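Work through the exercises below with the sequence and the model at hand. Each task is followed by its solution.

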There are 2 protein chains.
Amino acid sequence: MTQYEVPTLAHVAKLAGVSENTVSRVIRNKGPIADDTRSRVVKAIETLGYVPNRAAGSLASSGSLLIGVLLPSLSNIVFPEVLQGIHAALATTAYQPMVGVTNYDANKEQDILSSLLAWQPAAIVTTGFDHTDATRRMLDNSRVRVAELMDIDAEPIDVAVGLSHRQAGYATARHLIKRGYRRFGYVGHDWVADRRARLRYEGLCQALSEAGLTLRAEQRFDGPSSTMAGRDTLASLCSRAPDIDAVVFSNDDMAVGGFFHCLAAGIAVRERLALFGFNGLDIGQVLPMPLSTIRSNRFLIGKTAVEKLLESPTRPEARVVVDTGFDIIEGATA
Amino acid sequence: MTQYEVPTLAHVAKLAGVSENTVSRVIRNKGPIADDTRSRVVKAIETLGYVPNRAAGSLASSGSLLIGVLLPSLSNIVFPEVLQGIHAALATTAYQPMVGVTNYDANKEQDILSSLLAWQPAAIVTTGFDHTDATRRMLDNSRVRVAELMDIDAEPIDVAVGLSHRQAGYATARHLIKRGYRRFGYVGHDWVADRRARLRYEGLCQALSEAGLTLRAEQRFDGPSSTMAGRDTLASLCSRAPDIDAVVFSNDDMAVGGFFHCLAAGIAVRERLALFGFNGLDIGQVLPMPLSTIRSNRFLIGKTAVEKLLESPTRPEARVVVDTGFDIIEGATA
DNA sequence: GCGAAATATGTTAGCGCTGAGATACCGAAT
DNA sequence: ATTCGGTATCTCAGCGCTAACATATTTCGC
């Protein structure tokens, strides 16, 4: 080995005085190895600073220790949290995640998926059920395990882990009705991209309708959710419908923005106008009045998904749906 | 090809009636190809649903289109933003990022780095200058390109992209002094992990000292930064040192928490107590009073780093330092 | 109209590793 | 002693692709 050559298995094998295959087995902890041999090999690896070439390994074994992860966005803190759960579940294993960001675009998802599949991942973790036909076909052909996260309101390809957003919306309305609110408003964001926000909205409307109520006013910001969008959209809603007594927001980011609007406009939160979010983000719970909202267990969703996937290398007969549930956080704003 | 076999180059080549190499060249857009041949190949690829095996490609060409990314955390929104910049710069290329999360732990960074290097990435993007010796050695041996992000207050391995945190701290103090504040407090978080927070602190102290001032009181939360930590730590600082007129926070998360404390405790922000953060996060700018802070250009840092790395596949002679700068956001809290 | 350059494609030898099977050695049971 | 099963190791082909070179065909300058 010259000074400028990256060491390979062969170099390690030669230095340790064993065959390449033996080195390989030491590294992968596979098959019986004499203690003496093992320590010689380990020493050789350290001496050379050998780093295995996984491309070669993956090629030879036609498989890899990669988990492909497809997330719609990283600016919405919810998804980094899911990713943390995924990392947590993988921490004790030899698997590594490989992350792609789709910007809520099914075609982009398809592109990224194909480049992820090119690495022969052991499994794919993706978000929601909105996939192109080509995406579904690729997933089927590759026969990798697939987890679809966040949502359980549809039939999964293999595993789904999440919560029923429809039920969450429904529960929101029931909770607010029980607390005496009657004149409801809704502040949302672009739900072409965010199908789950729409499901919550539908659940909300259904519960209202069952109680003989309707939304007095609603307004959707035409773009992704953000605190600023929540603040401005609530401002606009209030000027159009000053008589509402409770506003449901599409999520906590929007709701926190709404809270700031109330603060600036001198609207007494809860007494004059109740605010309700979704997600249970930290930021909502640190407000001078903790935000009333629903906790979705993002970390748990990521973690559970990976655990389920690693249970078996091949798809089981039956599809699996894991409901990670949700809790109402009473808070002080509704 | 039987029904349950994944198609390879050979299958495509046979179907299109050309050699494997020709197919490979069509896929990689390399070398001259007759239009007629190209379309036959493309059609064959589509017919078979062929997905190239990158492990094989990477092995054959001893290189890959991967960029290894090492981030200390995903819960601090700053890093997802950097990652977005990285994604943005890669979007027009065939490169893919492969992300690892180190939890601010240099040993974990080392472990993850070695598994990233096992995929023969074209470049590594990491955070800060705190690496173990083994990490430095691995990076040197592999001779991949390396970008160290966020910070430019030390000598980089190859490329550094970020801002001078020392100067940012210094500028904070100068700004506040100019506005008439004299009795300073500091609220921070665990800076064993977050070296950059400490650099800002040092710059701050230096500027104060040059102006004949000192920190009247300071308190550090023993854990990662968060809104809640900021709120509670400011509360504690205020009870110990009620006479201060300005508080510098280690970052915006902490500062927003501080703002909430003032709100809840009825402290008039700016009139009685000025608040100053760092980062220029959205959340700070949506408060009823926009937070006075310093904008660090996270997205730009990620984007620039990737652009610099892709300029050349090998390390240039001279090390490169890109200062993405910072701006003072005047805001309304200081 | 001939050689040189440009264009288009084919051939071959690995890249570094792992799976399958072969081999060698040992102690225990017959 | 012979067989046997277990343990430890080796041999070797080949995963799917690409680099390098070889070959064929066309184009063009003069």
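**Exercise 1.** Find which of the 26 residues around DNA strand C come nearest.

*Solution.* Step 1: a residue is near a strand if its C-beta atom, placed from the backbone, lies within 6 Å of it. Step 2: A:Leu9, A:Ser24, A:Ala60, B:Ser19 and B:Pro32 come nearest among the 26. The model is predicted: local features need pLDDT of at least 70, side-chain atom pairs count only at pLDDT 80 or more, and totals for chains, interfaces and linings use all residues. Residues are numbered from 1 along each chain as its sequence is written, while chains are lettered from A and ligands numbered from 1 in the order in which they are written.

Step 3: at least two residues of this surface come from each of α2 (20-28) and α4 (54-61) of chain A, and likewise from each of α2 (20-28) and α4 (54-61) of chain B. Helices are DSSP runs of H or I with at least four residues, numbered from the N terminus.

**Exercise 2.** State which element gives the largest share of the side of chain A that touches chain B.

*Solution.* Step 1: 42 residues of chain A are in contact with 42 of chain B (contact: C-beta atoms, placed from the backbone, within 7 Å). Step 2: α4(A) supplies the largest share of that side of chain A, 5 residues.

**Exercise 3.** Describe how α10 and α11 of chain B cross.

*Solution.* Step 1: the axes (lines fitted to C-alpha atoms over the stretch in contact, with angles from 0 to 180 degrees between N-to-C directions) of α10 (residues 227-240) and α11 (residues 252-265) of chain B come within 6 Å and cross at roughly 55 degrees. Step 2: α10(B) is therefore oblique to α11(B), as angles under 35 degrees count as roughly parallel, over 145 as roughly antiparallel, 65 to 115 as roughly perpendicular and the rest as oblique.

Conventions:
Two residues are in contact if their C-beta atoms, placed from the backbone, lie within 7 Å.
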